[in-house]
Amino acid sequence: MYINLFDSHVHSDNSPEGRDLVTALCSAAVDKGISGICITDACDMEEFEEQKYGKRLMYSCFAAHKAQDIFSQQLIVTNGVEMCQPLADPDRAVQVIGENRFDFVLGSLHKTRKYGDMMMLNYAHPALDLQDVFRSYYEELLEVVQWGHFDSLAHLGYPLRYLKPYNRTVDLAQIDDVFAEIMKSLVAQGKALELNTGGLRMEIEAFTPSNKYLQMYKDYGGEMITIGSDAECCNDIGCDIQAGLELLKSVGFKYFTVYKNRQPVMLRLL
Ligand SMILES: [Zn+2]
């Protein structure tokens, strides 16, 4: 039983998919006995203007700062961003990160140039070459990692979440070469890997990534794991963080990591 629970991936109503206000999320976190949360609203660089992400992030940071004051006695609240598809406009992504003075930046990829949104893809289509879909995804994710203007790599198993309902399988071992490059680059740059618990609330019913990739990151010398629920509402905040910490311990990690002012803070897995 861990007492130091910190949820480093939370969406408020400033994300297109988020449903609740930052204050409501904070209140729910306090009720659940969580020590801290990082508000990581989305910023999709492909649709920056269209979705008014500049304004969304301004509101998100404002709300997170206000919540830091209001909840200061009960909860740590930090402000972050889930930077999605940064390579759609890498210079602007860097500018957005600089302007908002985030505590924490998640590097994220939901869509590929070749196949679009991994969440929307019809994985049942017989003409779809699943190996190519996944290889393309991870090759592009490697480009995001090499770009490097983030702190932790979000949900490494992201497309697996959406493949699951189609009852088709992909042999990820065939792209272990790309995973190895991702891990080496993360470690060389001192970047964290995220353990995302969101998949446990989906049909896949699994952490993303799975033990294998946590172990791979560790084997390449990686020590920094952030953990987040990917919550989009009060009900999901802090979900399975406890189980995630237990998983990290079982893989052999001694710490988990949270970020403040873009600096890692290592918290012992006690
Ligand atoms: Zn995401």
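Colleague: How many of the five residues of β1 are buried?
Modeller: A residue is buried if 20 or more other C-beta atoms lie within 10 Å of its own, exposed if 12 or fewer, and partly exposed in between, with C-beta atoms placed from the backbone. β1 is largely enclosed by the rest of the structure, because its buried count is five of five.

Colleague: Which kind of model is this?
Modeller: Residues are numbered from 1 along each chain as its sequence is written. Local features need pLDDT of at least 70, side-chain atom pairs count only at pLDDT 80 or more, and totals for chains, interfaces and linings use all residues, as this model is predicted.

Colleague: Which residue in β2 is the bridge partner of phenylalanine 6?
Modeller: β1 and β2 run parallel and are joined by three bridges. In β2, phenylalanine 6 is partnered by glycine 36.

Colleague: And in β8, which residue is the bridge partner of serine 152?
Modeller: Strand β7 (residues 152-153) runs parallel to strand β8 (residues 192-196), and two bridges join them. In β8, serine 152 is partnered by alanine 192.

Colleague: How does α1 sit relative to α2: parallel, perpendicular or oblique?
Modeller: The axes of α1 and helix α2 (residues 53-70) cross at roughly 40° and come within 9 Å. Under 35 degrees counts as roughly parallel, over 145 as roughly antiparallel, 65 to 115 as roughly perpendicular and the rest as oblique. So α1 is, relative to α2, oblique.

Colleague: How many nonpolar residues are in the contact of α1 with α2?
Modeller: Residues are in contact if their C-beta atoms, placed from the backbone, lie within 7 Å. Val22, Thr23 and Cys26 in α1 meet Ala63, Ala64 and Ala67 in α2. Ala, Val, Leu, Ile, Met, Phe, Trp, Tyr, Cys and Pro count as nonpolar, Asp, Glu, Lys and Arg as charged, and the others, Gly among them, as polar. By class, this contact has no charged residues, one polar, and nonpolar ones numbering five.

Colleague: Is the crossing of α6 and α7 left-handed or right-handed?
Modeller: Helix α6 (residues 176-188) and helix α7 (residues 211-219) pack at about 50° with their axes 9 Å apart, and are therefore oblique to each other. A crossing is left-handed if the near helix is turned anticlockwise from the far one by less than a right angle, and right-handed if clockwise. The crossing of α6 and α7 is right-handed.

Colleague: Which residues in α7 do Phe179, Met183 and Leu186 meet?
Modeller: By class, the contact of α6 with α7 has six nonpolar, no polar and no charged residues. Those α6 residues meet Tyr213, Met216 and Tyr217.

Colleague: Which residues does leucine 130 contact, leaving aside neighbours within four places in sequence?
Modeller: Leucine 130 is in helix α4 (residues 130-147). With 17 other C-beta atoms within 10 Å, leucine 130 is partly exposed. Arginine 168 is 38 residues away in sequence and 8.8 Å away in space, C-alpha to C-alpha. Those contacts are Arg168 and Val170.

Colleague: What does arginine 201 touch, not counting residues up to four places away in sequence?
Modeller: Arginine 201 is in the loop between β8 and α7 and is partly exposed, with 16 other C-beta atoms within 10 Å. On that count arginine 201 touches Asp236 and Cys239.

Colleague: Which peptide bond is cis?
Modeller: Most peptide bonds are trans, and most residues other than glycine have a negative phi. Proline 209 sits in the loop between β8 and α7. With omega near 0°, the cis bond runs from threonine 208 to proline 209.

Colleague: About what positive phi does lysine 52 have?
Modeller: Lysine 52 lies in the loop between β2 and α2 and is exposed, with 12 other C-beta atoms within 10 Å. Although lysine 52 is not a glycine, its phi is positive, at about 50°.

Definitions and conventions:
Two strands pair if DSSP finds at least two bridges between them. Helices (H or I, at least four residues) and strands (E, at least two) are DSSP runs, numbered from the N terminus. Axes are lines fitted to C-alpha atoms, for helices over the stretch in contact, and angles run from 0 to 180 degrees between N-to-C directions. Two residues are in contact if their C-beta atoms, placed from the backbone, lie within 7 Å.
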